[in-house]
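Visitor: I'm new here, so please walk me through this one.

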Amino acid sequence: MSTDPRVVRSKAKVIDSALELLAERGVAGTSVEAIVERSGVAKTTVYRHWPTRGELILDAIDACIEPPVTPDLGALRADLHALIGGLCEALSTTRWAALMPSLIDAAERDPEFAEIHHRFATTRNAPLHDVIGRAIDRGELPPDVDAELLSDLLAGPVFYRRLVAGAPLDRSDGERLVDQVLHAYTSDVPPMPATPV
C-alpha cells in the first residue's frame with residue numbers, strides 16, 4: 001500500500017521545522033507547539049505520528065544521518081575503517097554534531113530523554129558491536145576481548161575530538177584511529193614490570 005503523498009509532505013515539514021528549531025534553541029527550547037507553528041502542520045497530525053515530543057525529536061535527529069549499516073568487507077580492519085571513517089564524515093558534514101550536545105544535556109535532566117538517548121546510542125552502536133563480535137568469531141580478535149570497551153575506544157575519541165576539542169575530522173582520521181587501536185589489540189605487548197616493594 002503506497003503512502004499518501006500529503007502525509008509524506010506533512011511529516012517532512014514537521015521534521016525540517018524540528019531540526020531548524022533544535023539548531024536555534026536546542027532540545028530544551030524545542031516544543032511541539034513551536035514545531036506546529038513553524039511547520040504549519042496541525043498539532044493533531046503531529047501527535048498522530050509522534051505520540052511524544054521526545055519521539056519527534058529523536059526522529060528529527062535520526063533524519064540528519066544515514067541509517068546505520070553493518071559492513072561485511074571480509075576483514076575487521078576494513079569493516080572498522082568503513083564504520084569509524086563514516087562516523088568522522090557524518091560528524092563533519094551533517095547537522096548531527098551540532099545537535100548532539102543538546103540531546104546529551106537533555107538526557108542528563110529528563111528521564112524521557114535519557115531513555116531516548118540510550119535507544120539512539122544503542123541503535124547507532126549496533127553495527128560496531130556486530131563487526132567486533134564477528135571478528136572474535138573469526139579469530140581476528142582474542143576471545144576474551146571486551147567488545148563494549150573496544151567499541152568505546154574506537155568511537156569515543158571521535159566524539160571527543162569533534163564535540164569537545166572542536167577539531168576537524170575526516171575519514172582518514174578515523175582510519176588512523178582504527179589502525180592504532182587494532183595494533184594495541186593484536187600485538188604482543190609485553191607485561192609491565194612489577195613495581196618493587
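Visitor: Which helices supply the lining of the largest pocket?

Guide: Helix H5 (76-93), helix H6 (96-109), H7 and helix H8 (147-164) do, with at least two residues each. Helices here are DSSP runs (H or I, at least four residues), and strands are E runs of at least two, both numbered from the N terminus. A pocket is an open set of points on a 1 Å grid over the protein atoms alone, where a 1.4 Å probe fits, with protein on both sides within 12 Å along at least five of seven lines; lining residues have an atom within 4 Å of a point.

Visitor: What should I know about the model itself?

Guide: It is predicted: local features need pLDDT of at least 70, side-chain atom pairs count only at pLDDT 80 or more, and totals for chains, interfaces and linings use all residues. Residues are numbered from 1 along each chain, and side-chain values use heavy atoms, without hydrogens or water.

Visitor: Back to the pocket. How much space lies in it?

Guide: The largest pocket holds about 820 Å³, taken as the space filled by probe spheres set on the points.

Visitor: Which residues sit closest to its centre?

Guide: Leu83, Leu87, Trp96, Arg124 and Phe159, out of 34 lining residues.

Visitor: What classes make up that lining?

Guide: The lining of the largest pocket has 20 nonpolar, eight polar and six charged residues. Asp, Glu, Lys and Arg count as charged; Ala, Val, Leu, Ile, Met, Phe, Trp, Tyr, Cys and Pro as nonpolar; the others as polar.

Visitor: Zooming out, how many helices and strands does the chain have?

Guide: Nine helices and zero strands. The C-alpha trace spans about 70 × 45 × 30 Å along its principal axes.

Visitor: How do H6 and H7 pack?

Guide: At an angle of about 135°, with their axes 6 Å apart. H6 and H7 are therefore oblique to each other. H6 passes H7 in a left-handed crossing.

Visitor: Which residues meet there?

Guide: From H6, Trp96, Met100, Leu103, Ile104, Ala106, Ala107 and Arg109. From H7, Pro111, Phe113, Ala114, His117 and Phe120. Contact means heavy atoms within 4.5 Å. The H6 contact with H7 has ten nonpolar residues, one polar and one charged.

Visitor: At what angle do the axes of H4 and H7 cross?

Guide: Roughly 30°, and the axes of H4 (residues 53-62) and H7 (residues 111-138) come within 10 Å. H4 and H7 are therefore roughly parallel (under 35 degrees). H4 passes H7 in a right-handed crossing. The contact residues include Ile57, Leu58 and Ile61 of H4, and Phe113, Ile116 and Phe120 of H7. By class, the H4 contact with H7 has six nonpolar, one polar and six charged residues.

Visitor: New topic. How do H1 and H2 pack?

Guide: H1 (residues 5-25) and H2 (residues 32-39) pack at about 120°, with axes 9 Å apart. That makes H1 oblique to H2. The crossing of H1 and H2 is right-handed. Among the residues in contact are Val14 and Leu21 of H1, and Ala34 and Ile35 of H2. This H1 and H2 contact divides into five nonpolar, two polar and five charged residues.

Notes:
Axes are lines fitted to C-alpha atoms, for helices over the stretch in contact, and angles run from 0 to 180 degrees between N-to-C directions. Angles under 35 degrees count as roughly parallel, over 145 as roughly antiparallel, 65 to 115 as roughly perpendicular and the rest as oblique. A crossing is left-handed if the near helix is turned anticlockwise from the far one by less than a right angle, and right-handed if clockwise.
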